Amino acid sequence: MTAPEPSTVRREIQVCNPADGSIVGHVEDQSADVVAATVQQLRRHQPDWESIGPKGRKHWVLQLQDWIFDNAAHIADVVQHETAKPRFDASLEPAMVADLIGYYARNTEKFLADEHPSPHSPLGKVKKLTTVYRPHQVVGVITPWNFPFAMPGIDVVPALLAGAAVILKPSEVTPLAARELLRGWTEIGAPPVFAVSTGRGDTGAAVADNVDYVQFTGSTRTGRTIATACAQRLIPYSLELGGKDPAIVLDDADLDRAAYGIAFGGLLNAGQLCVSVERVYVEKAVYDDFVARLTRHVAELRQGQDGRAIKHDIGALANARQLDIVQRHVDQAIAAGARVTIGGKPTGVGTFFEPTILVDVDHSMSCVTEETFGPTLPVMKVNDEAEAIRLANDSPYGLSATVWTADRGRGERIARQLQVGAVNINDMAANLFNFALPMGGWKKSGIGTRWGGADGLRKYCRAQAITTPRLPILTKEPIWFPFSAPKIEIMIAVMRAVSARGTRRIGRTPSRKAKRRMVTATRLAP
Ligand code: NAD
């Protein structure tokens, strides 16, 4: 008997609940050949999807929104099974996707409408100028495990609305909620332009090898691999990567709000949020007071596994690997002299790690410099605003930041000095609930953005330029063959007349006096 080809062997991945290790499902570990065949299928159906136009696509996506509302409780169940996150967190996931669908469905026609830009020169007025937004054929969306329904939903839906077909590769740690999104698409009877390929990293690599655009969310390490693969194939991509988001607490801040907000920002989803607060800089005048309030507030939080009832604020970490990272960062900090004001160890059940505040920390410690993605809040005392800004910017990452101050002008001024893709003043993650704003990381936190109004759909499109004559057409345009000296002189004279400044418009070099006048005017210009 001959052994089957490796690519055709059916493999499976077990999905576990990290709170107790119980097996909650199985998914196929798809080979590269299966991915390639799926993309081929999607390619066949995409032209029809594109041709039904924004209005036709809006119809289907709004049906999906109805389905999500009708199945929200079940989706939250599935999310909880594979993440052990609190019911509150899990319930936010379908709600957020439905909210995003509402915004983009209402605006799709406007965002994808043809544009007719004004020509840059009066000579261009002889043409009608049109910019058309036409989708990439197949978009690959690759997602991590921290929001198993929301992460796929927020990128798949805009790509579908843009007119692309989409193949989704969810994390192997949490693939079940992503399959629910596909179940919804299938149950509403929508065209077969959306598929889910489950598997590990090699399945994701096969997606990047076959699609026309990659939308990736995950670690900076994997993002770099995907960027290299896309560069080899000369296809565009957008990367939403890791972070080490700073919070700056100024001496005029409402300290209770700052403590509540930073506890929420650092501990939501057990700190497994890309824009989680991962380090806190507090002006020295309010440092002790702030640490005391933060510690008191964190002590009130309830940790454990929820069913459908909302009983807890903090859940488990996604897997044992994540638990190891958190443990290492805390242990290394303590060994180097840091102090724990609360928490500091695993609870001993599943992958739960106590919400932890670390003080006496500095930039030599992994808990301050590396992404933890866990329930830790390292807090540092700073002399002033300038030191807080300098330390906040002292990171290879640049995803987002928060600033806590009573002076909104001061907050905005600081925001403009931070090297990050988003700054929330007196709040955390507020930008994530405003789809009109772009969400993207600077430095090693990413390339490109998601959302941002029209850009959130146009990123999945190729812009096509069309020119159409406005005037009766001649047999020949003046620039066409044959070339001649008078023809080029006339053409250059006309182009000069419309683009040059001062007497150069008519081919004259200005006098020295006129030149001096122009230099002075340029210097004085605001
Ligand atoms: P990861 O990079 O390990 O995996 C992400 C996805 O990529 C998974 O589906 C994985 O199977 C796939 N993958 C792995 N290797 C691949 C390869 N060579 N080619 C193609 N796909 C491959 O990340 P993770 O551990 O799942 O998620 C945690 C990370 O995600 C954290 O760094 C976090 O900051 C980041 N994250 C960022 C955002 C954001 O919007 N910036 C949001 C959520 C999470």
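These legends describe close-up views of a predicted model of one protein chain.

**View 1. The whole chain, for orientation.**
The protein chain has 526 residues, and 52% of them count as buried. Its secondary structure consists of 17 helices and 21 strands. Among contacts between residues at least 6 apart in sequence, 71% join residues at least 24 apart.

**View 2. Helix H4 against helix H5.**
H4 covers residues 87-112 and H5 covers residues 150-162. The two helices pack at an angle of about 15°, and their axes are 9 Å apart. H4 is therefore roughly parallel to H5, since angles under 35 degrees count as such. The crossing of this pair is right-handed. On the H4 side, the residues in contact are Glu 93, Val 97, Leu 100, Ile 101, Tyr 104, Ala 105, Thr 108 and Leu 112. They meet Ala 150, Gly 153, Ile 154, Val 157, Pro 158, Leu 161 and Ala 162 of H5. By class, the residues of this contact divide into twelve nonpolar, two polar and one charged.

**View 3. Helix H3 against helix H4.**
H3 is formed by residues 72-83, and its axis comes within 8 Å of the axis of H4. The two axes cross at roughly 125°. This angle makes H3 oblique to H4. The crossing of H3 and H4 is right-handed. From H3, the contact takes in Ala 72, Ala 73, Ile 75, Ala 76, Asp 77, Val 79 and Gln 80. From H4, it takes in Arg 87, Ala 90, Ser 91, Glu 93 and Pro 94. Seven of the residues in the contact are nonpolar, two are polar and three are charged. Glu 93 of H4 meets H3 here, and Glu 93 is also listed in the contact of H4 with H5.

H7 runs over residues 201-210, and its buried residues are Thr 203, Gly 204, Ala 206, Val 207 and Ala 208. The elements covering these buried residues include H1, strand S4 (138-142), strand S5 (165-169), strand S7 (213-217) and helix H8 (220-233). Ala 37 belongs to helix H1, residues 32-51. With a relative accessibility of 39%, Ala 37 counts as partly exposed. Ala 37 and Asn 210 are 173 residues apart in sequence, and their C-alpha atoms are 9.5 Å apart in space.

Phe 373 is not a glycine, yet it has a positive phi of about 60°. Phe 373 sits in the loop between helix H12 (366-369) and strand S13 (376-382). Its relative accessible area is 12%, so Phe 373 is buried. Lys 443, also not a glycine, has a positive phi of about 50°. Lys 443 lies in strand S18, which comprises residues 442-443. At 35% relative accessibility, Lys 443 counts as partly exposed.

The bond from Phe 481 to Pro 482 is cis, and its omega is near 0°. Pro 482 is placed in the loop that joins strand S21 (461-469) and helix H16 (485-499).

Key
Residues numbered from 1 in each chain as written. Predicted model: local features only at pLDDT ≥ 70, side-chain atom pairs only at ≥ 80, totals over all residues. Heavy atoms only, no water. Axes fitted to C-alpha atoms, helices over the stretch in contact; angles between N-to-C directions. Helix = DSSP H or I, 4+ residues; strand = E, 2+ residues; numbered from the N terminus. Parallel < 35°, antiparallel > 145°, perpendicular 65-115°, else oblique. Left-handed = near helix turned anticlockwise from the far one by under 90°. Contact = heavy atoms within 4.5 Å. Nonpolar A, V, L, I, M, F, W, Y, C, P; charged D, E, K, R; others polar. Buried < 20%, exposed > 50% of the residue type's maximum accessible area, 1.4 Å probe, protein only.
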